[in-house]
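Subject: Structure for your review

Dear colleague,

Please find below a structure that I am handing over to you. I would be grateful if you could look through it alongside the notes that follow.

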Amino acid sequence: LLVLPMAQDPASPLTMTSLVIDDEVDLGDVVVAPLMPLAGNVVDPVGAPVEGASIRCTEVATVPSDARTWTTTTDALGAFEVDVSRTALVCVVTPP
């Protein structure tokens, strides 16, 4: 959970890796960072499109268990598009 400070508060964001609430608690406004599209093409060594390749993108996180992962597969033209976070990613392409 990433809690951002109020606009008038100059404090930096607070990152919480776990949260236990035993009663009703107002967390205020929770802001979720928007995703961005990541698109490309997978080709073989001679430039032919690779259909059915698996793309797996994982966030680079300080706490590995907090990292989110997105996956997709290339189409007949080797093209793919996936919405990912606006942060450092490690993407791995696995052939079909």
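The notes below begin with the chain as a whole and then turn to one residue.

Please bear in mind that this is a predicted model. The mean pLDDT of the chain is 79, with 77% of its residues at 70 or more. Confidence is highest in strand 5 (residues 69-73), at a mean of 94, and lowest in strand 1 (residues 2-3), at 42. Over residues 1-13 the pLDDT is below 50, although this stretch has 18 contacts in the model beyond near neighbours in sequence.

As to secondary structure, the chain has seven strands and zero helices, which gives the pattern β-β-β-β-β-β-β along the sequence. Of the contacts between residues at least 6 apart in sequence, 54% join residues at least 24 apart. The chain has 96 residues, of which 15% are buried. Its accessible surface comes to about 7100 Å², and carbon and sulfur atoms account for 57% of that area.

The residue I would draw to your attention is Pro49. Pro49 lies in the loop between strand 3 (36-41) and strand 4 (54-59). Because its relative accessible area is 45%, Pro49 counts as partly exposed. Apart from neighbours within four places in sequence, Pro49 is in contact with Val42, Val43, Ala76, Leu77 and Gly78.

With kind regards

Technical notes: Residues numbered from 1 in each chain as written. Predicted model: local features only at pLDDT ≥ 70, side-chain atom pairs only at ≥ 80, totals over all residues. Heavy atoms only, no water. Helix = DSSP H or I, 4+ residues; strand = E, 2+ residues; numbered from the N terminus. Buried < 20%, exposed > 50% of the residue type's maximum accessible area, 1.4 Å probe, protein only. Contact = heavy atoms within 4.5 Å. pLDDT = per-residue confidence, 0-100. Areas by Shrake-Rupley, 256 points an atom, 1.4 Å probe, with all protein chains shown as cover.
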